[in-house]
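Please look through the sequence and the 3D structure shown here before reading the notes that follow.

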Amino acid sequence: MLVLLLLILPVLFVPILLLFSEKQSKNIALVAALTEMCVGFYAFYQYQINPTCACFNWNTIWIQNLNANFHLQLNGINSVLVLLTTLIVPFIIQSTFERDIKNIKAYLSLMLIMQTALVGVFLAQDALLFYIFWELALIPIYLICLVFGGENRQKITFKFFVYTLFGSLFMLLAIIYVWLHTENRSFDIHSFYKAGALLTAKEQLFVFIAFYLAFAIKIPIFPLHTWQPDTYVNAPTQGTMLLSGIMLKMGTYALIIWLIPVVPLGWQQASKYVIILSVISVVYGSLMALTQHNFKRMLAYSSIGHVGLIAAGIFTMNLQGVQGAMYQMLSHGINVVALFFVCDIITNRMKTDEMHKLGGIRNVSRVFSVLFLIILLGSVALPLTNGFVGEFLLLHGLFQYNTVVVVFAGLTVIFGALYMLRAYQHIMHGDTNALTESFGVITVNEKILLACFAGLIIFFGLFPNLILDGSENQIKQIIDHVHEVTAMVVKK
Amino acid sequence: MKELLLLSSLGIFALLAEMINARKIIFPAVIAGLCLNIFFCLNDIMAGNNENIFNMLLLDKIPLVFTLLLSVLAIFWFVMAKNYFKDETNLSDHFALVLFSMVGVFLLTSYTHMSMLFLGVEILSIPVYVLAGSDKRNTYSNEAAFKYFLLGAFASGFLLLGITFVYGGTGSFNTLQIASSSVLGAGVSKQLLTIGLLLILFAMAFKVSAVPFHFWTPDVYTGAPTVVTAYMSTIVKLGALAGFYRLFSIVLVFDATTFTTTLIIISVLTIVVGNVIAASQSNTKRLLAFSSIGHAGFVLLANTMLSPSTPYVVWYYLTAYTLSSMAAFWVLIKLDNHDISAFNGLVKRNPLLAGTMTIALLSMAGIPPMAGFFAKYFVLLNTIQNKSVLIAVIAILASLIGVYYYFKIIIAIFSGKEINSAKIELSWLDKIGLVLISILIILLGVLPDACYNLLFR
């Protein structure tokens, strides 16, 4: 029951929200998101105490002919992502406060619908249901970017849409293909694991590629990333936050749950190449971030670098790598949303995010500069911040896999510090110029949000076990399953 | 039998009503009659009746569910057309013609005799020839009617020739007999039968506007008055495709491989050509015409993969497509012109129209959770089950092109700069109809097997 509540709560608030005035609607949306957050916290907490509770499982027949069930389940891995989603959305909604947005009601409703779809993607234990939510998440974010985005948005959002749809259609083919090979034709995730393992190595490779296309586009991994920078820059702030903070985690989450354990042999054959691609994204994203003059675009490229590392860690399929990826998904979600919020604060006041035009904001607003620095250090992965735990585990995992790879992947730490601190220097340090003099102080609302972000960054830097303990068991199971299947083939 | 009688008597009533000064009650009477028809169909389906009418028509489950869909669509169409014909004096001829052509659809869904196939096609087509030209002062409308009539008459010739060949080959007009004697092969001339069936196949392919028999479609769709185009792209398509299904599922089973190969080639061509040409259109009516060709291709593809689930797959695809297409045309009627730019900023001019159009287009593009997604899904599933993964990939890529042109309209709706910023007013009937049709599209998509459990079990 609890999982169903988690799923539908945001959508239930949409009609209520539409009844209220434009001004009130922001508050209603925030109430909705906060209620959802409380339920999310409660579910996460309950799961740590009593993971076998029946309230974490919801299974009803959905399409009888196809043997598809409406099966939602909270487990060790997705509880972290549900926590992330429910935690971040209130921030995203609150960031609309004090901003003048036309059609705010539609905007907020789309965000709440988006939240339902995202939670659905994470909770679904049935391949068809997963696919439906996966696609459903695309429509609200597309509309958010199309209606509320910046200039030239038609072309850019369209590119984004077609890219992701192209990937998902191949995923659909793969899902149908595996489904046809399951015992008694079921979409259930466990029968997918069973059926996938029995496919021949060649078939598994094809299924792997089809799934990988969908997920790699969503994440995005080099060379399928070309939609990402333009879309991030052109989308409205909240759209960028949703995209980078939560939506790309759909891809990395699906790598762990829906890709590797379904076709372990496919992973075995392809892991070398996909890890190399992921590491290329790390280096490429970081280098591109170094050359950017636009703050938002720099963040977009840095995001490519960070998620590339997450994907590489997942493909190593050892405990440290995958656990690190889990943790980094959470911390990257928090950090990147916080950074985009900082970017929004700057662009809202300065009307530009070209870094060379800015400078000296530190002299104008001390509080802002301190909070910005903490958030930035989280992204640089300084010890005691959340970014450190994730990146450390990821690099540890990669190290076990191959030492050469880790040398290149490790560049992210150096480059990350380089471009982030360079950005900080350009924006905050130096002399105040005519433009930045008008920066003024930041409002209470912004202060609260930034302080919360900073608090979360330090909190998760200090207590990583809160998250890691919960997901460890299930990740072990998945890794064991994968290695069992691949070992069996070697014996044969 | 009662469905047939009801539809015909409604048509006659609509024709005579204006004479007896009952013009005002035509609309309510027609709607009430169609509701009664829905009730009859549901009743027969639930009771599991298998009515055999003079060995000419066989009303088993599948014709009845198609008739049910026909009646639902017809109700939507009449509500949509009510305001359109307001200014014109001859309301009753329009309504009567449409009702008569629906009788043709009914015959096509249920025939077991070749003469009924021919009669069905003719009864369906002749009123539509007239309707296509009903905008008398518009040259394009006249062109459409003339073109449609000439080519349609030509196709009817083929059909008739095909039927005679089949008769020559098997000595029977009864489809069930043709099928059984052709399987046994005794006293059957295989050449005559094959030629005859191919001729019938081509004539029917003309009616469903499958490639390469599709050339009439864009001109006729563009030229005809928009309500008539809506009628052609929904109910006429339904009739033609239902007739096609009946032909293929009963008669052509004996030499399935020849016809399946032919039909697979036709359907893949139809899907690809329809979608590719639609992508370059800037007139919405023309765009929808080409996209309707693409959708017909999908239904044909479903027809080729005969399995126990085929009737439901065909029915579901037709339901999803016709409802979405009806909704799209409904919105189109309310706009100033038919260029895509007429959609610019529609969301500000009327959010309901914008929402309905978006739902309809998403459904036609096959995006979940709209009905169109499962429609395509079922077809692809059948195709892959038949080991034709390559065809499935082609169909998927073609439908990706579909996304391109449907989204041109969606982009215009939400972010185009409006040329005319006047708000669009809707009558309450329009509002109810649009909301209902949108809900149906979403409900069908969320619960794709509800209808199966209700109607087909």
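This is a predicted model: local features need pLDDT of at least 70, side-chain atom pairs count only at pLDDT 80 or more; totals for chains, interfaces and linings use all residues.

Residues are numbered from 1 along each chain as its sequence is written, and chains are lettered from A and ligands numbered from 1 in the order in which they are written.

**Chain A as a whole**

- The secondary structure of chain A comprises 20 helices and 2 strands, both being DSSP runs numbered from the N terminus, with at least four residues of H or I for a helix and at least two of E for a strand.
- Among contacts in chain A between residues at least 6 apart in sequence, 81% join residues at least 24 apart, a contact being two residues whose C-beta atoms, placed from the backbone, lie within 7 Å.

**Chain B as a whole**

- Chain B has 19 helices and 2 strands, and 58% of its 457 residues count as buried.

**Where the chains meet**

- In the contact between the chains, 20 residues of chain B touch 22 residues of chain A, and the largest share of the side of chain B, 9 residues, comes from helix 17 of chain B.
- The residues on this side of chain B divide into 16 nonpolar, 3 polar and 1 charged, where Ala, Val, Leu, Ile, Met, Phe, Trp, Tyr, Cys and Pro count as nonpolar, Asp, Glu, Lys and Arg as charged, and the others, Gly among them, as polar.

**Two helix pairs in chain A**

- Helix 1 (residues 2-19) and helix 2 (residues 22-49) of chain A pack at an angle of about 175°, with their axes 10 Å apart; axes are lines fitted to C-alpha atoms, for helices over the stretch in contact, and angles run from 0 to 180 degrees between N-to-C directions.
- That angle makes helix 1 of chain A roughly antiparallel to helix 2 of chain A, because angles over 145 degrees count as roughly antiparallel, under 35 as roughly parallel, 65 to 115 as roughly perpendicular and the rest as oblique.
- The contact of helix 1 with helix 2 of chain A has 13 nonpolar, 3 polar and 1 charged residues.
- Helix 6 (residues 138-148) and helix 11 (residues 237-259) of chain A pack at about 155°, with their axes 9 Å apart, so helix 6 of chain A is roughly antiparallel to helix 11 of chain A.
- A:Ile141, A:Ile144, A:Cys145 and A:Phe148 in helix 6 of chain A meet A:Gly239, A:Leu242, A:Leu243 and A:Met247 in helix 11 of chain A.

**One residue in chain B**

- B:Phe66 lies in helix 3 (residues 61-84) of chain B and is buried, with 28 other C-beta atoms within 10 Å.
- Not counting residues up to four places away in sequence, B:Phe66 touches B:Thr109, B:Ala242 and B:Trp315.

Key
A residue is buried if 20 or more other C-beta atoms lie within 10 Å of its own, exposed if 12 or fewer, and partly exposed in between; C-beta atoms are placed from the backbone.
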